[in-house]
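Thanks for coming. I have one model to go through this morning, so please look at it on the screen while I talk.

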Amino acid sequence: MYVLARALKNIGIDNVYGLVGIPITEAAYLIQGQGIRFVGFRHEQQAGMAAATEGYLTGKPGVLMTVSSLGFMNGLTATANATVNCYPMIQISGASDPAMVDMNMGTYEQLDQFNTAKPLVKAAFRCTYAKDIPAAVYRAYRAAVSGRPGGVYIDMTTPALGEIMNKVDADKLFYTPVDIYSPVAPNSRSVERAVEILTSAKRPAILLGKGAAYARLEDKIKTLVEKYQIPYLPMSMAKGIMPDDGPLSALSCRSTIMEKSDVVMVIGARLNWMLSFGKGKWNPDMKFIQLDVAPEEIDVNVPIAAPVVGDMGLSMDAILDALDGKSMATDSDWVSGLQAEAKIKNAKFAKRFEEAKSMMPMHHMTALSAIKPILEANPDVILINEGANTLDDTRDAVNMSLPRHRVDCATWAIMGMGMGSAIGAAVATGKSVVAIEGDSAFGFSGMDFSTICRFNLPVTVVIFNNGGIYNGIGVPMDKTTDPAPTTLDVRARYDKLGDAFGAQTFYVTTPEQLSEALKTGIASKKPTLIDVQLAADSGKESGHIGYLNPAPLQSIT
Ligand code: ADP
Ligand code: MG
């Protein structure tokens, strides 16, 4: 256990998130003893979300520690989610003696965790001997941050944890790994090809994904956008790499970019379901330039005219160098046309806001009319956001102006990342955090609000209570008196849950009260919980993704 704690310390881990029990309790104490912060959670999935969020925000892998069997599996959901989202993290789980697991002897919490984790992570290691622990930790770190980042698993078996070694031998196990993150440069022909296509574009655009935020490309992207006057469209977690309300922001012209651009430079985003797989709506003659570290991401759903495979920082440097002295062929009315469209769309959106302001009980947009100006005046606050309508409306309403200040349900569009991500963001950055949560979304991680309180973190949790999944007006089928599957409790007082753990709490029914409460929460830098009373009929199914439901039989012809 000492070897594990020292290995984590040596590689520069500052925080470990987890939930202890046999066989990792002692290890957690020893980790604390090394001066590493151990943040103890109430549910492993949330500890994993915290580790993943630390990884995304800092570029250093977050570390999750779990007990064997169920604890391991609860944590693995977050590690799998991290892998899907390209967040670097390491899950270290206590595990039974593999010799007994392999012989199916029915030992305590028996599960072949190593092979269970393997298909869901980038790399997996099993330590049966203490001597292997440092190398496992260092290799896990290297695997988590290198190439496409992701989740890595270490099976820390009871024999390895409990092995007794003399200190002199133990101290010989440590080494300093060389070049633990080694960015790989793109080949120069691919850079030339990308530049040829970009400079011949009549209607160019840049599509920014969270990979670009993770790779800290903001300065390079600013140069590219401003020097060559290319409009940009951010994916949700890429908001703030460039300001959402900047003159070249095409945030409100998404459809036009998809339909009318002739060249789109995709930087750290995937042409997956969130982007209609790059087909359908998209201009069929589109030429995509795609920057990605993962060659297997190229041509996934549409042929890519100019793939630039390599570390995006180095790719951007090479592209900016190759562009130097060249001029663009952009149509003279392309940017001005987008700007005119944005003006109209933004005015429409503002009108929708104005109309929502007076709705009582409040609707999502009513509440957001109070929240928007406060968050925009505090750009340094990290925004955590999950829900259905709560996600869509908050993303659309709140402009971001700094990179890596928005963390949401991301690629899988999951629920159940809120409290963990808020904790990870606060612990990893020391910044204030506001989590805007649907009432259903909050339910998945609500108990870990108590972790926010125990660690006295500067987190304000805002719960949009419309009493249900999508909304609170689901009608049960006639054979039951039970609530409908989508119905929760629109009268629930989530603020009282905060009272139980000593938080500062508010129950608000008007935008004015909400505004006061949110300002107080942020200014206090104390754990704060705000229950926002919405109308039960505010919100619709799946926000913008209802089309993903199975089609009802009668509509299939
Ligand atoms: P979004 O959801 O915002 O579209 P995705 O997570 O789908 O973003 O895409 C992020 C992409 O960024 C992934 O394909 C990943 O391989 C890539 N990526 C992440 N880090 C780097 C990096 N340092 N260099 C190059 N590509 C990276
Ligand atoms: Mg709801």
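Lys525 sits in the loop between α22 (511-524) and β17 (528-533); helices (H or I, at least four residues) and strands (E, at least two) are DSSP runs, numbered from the N terminus. Its phi is positive, about 55°, although Lys525 is not a glycine. With 15 other C-beta atoms within 10 Å, Lys525 is partly exposed. The cut-offs, with C-beta atoms placed from the backbone, are 20 or more other C-beta atoms within 10 Å for buried, 12 or fewer for exposed, and partly exposed in between.

Before I go on: this is a predicted model, in which local features need pLDDT of at least 70, side-chain atom pairs count only at pLDDT 80 or more, and totals for chains, interfaces and linings use all residues. Residues are numbered from 1 along each chain as its sequence is written, while chains are lettered from A and ligands numbered from 1 in the order in which they are written.

Gln229 is another non-glycine residue with positive phi, near 55°. Its loop runs between α12 (218-228) and β8 (232-234). Gln229 has 14 C-beta neighbours inside 10 Å and so counts as partly exposed. As background, most residues other than glycine have a negative phi, and most peptide bonds are trans.

Ile22 and Pro23 are joined by one, with omega about 10°, and Pro23 is in the loop between β1 and α2. The bond from Met360 to Pro361 is also cis, with omega near -10°. Pro361 belongs to the loop between α15 (334-357) and α16 (364-377).

Now helix α2, residues 25-33. Which of its residues are buried? They are Ala27, Ala28 and Ile31. Seen down the axis of α2, these buried residues fall within an arc of 100°, so they line one face of the helix; the arc is that of the directions from the helix axis to the C-beta atoms. The general point is that an α-helix has 3.6 residues a turn, so residues three or four places apart point the same way. Among the elements covering the buried residues of α2 are α1 (2-10), β1 (15-18) and β3 (62-66), where contact means C-beta atoms, placed from the backbone, within 7 Å. After α2 comes Gly35, with a positive phi near 85°.

Last, the ligand. Ligand 1 is surrounded by 22 residues, the closest being Gly209, Gly211, Met235, Ala269 and Val293; a residue counts as near if its C-beta atom, placed from the backbone, lies within 6 Å. Helix α11 (residues 210-214) gives the most to this shell, with 3 residues.

Technical notes:
Two residues are in contact if their C-beta atoms, placed from the backbone, lie within 7 Å.
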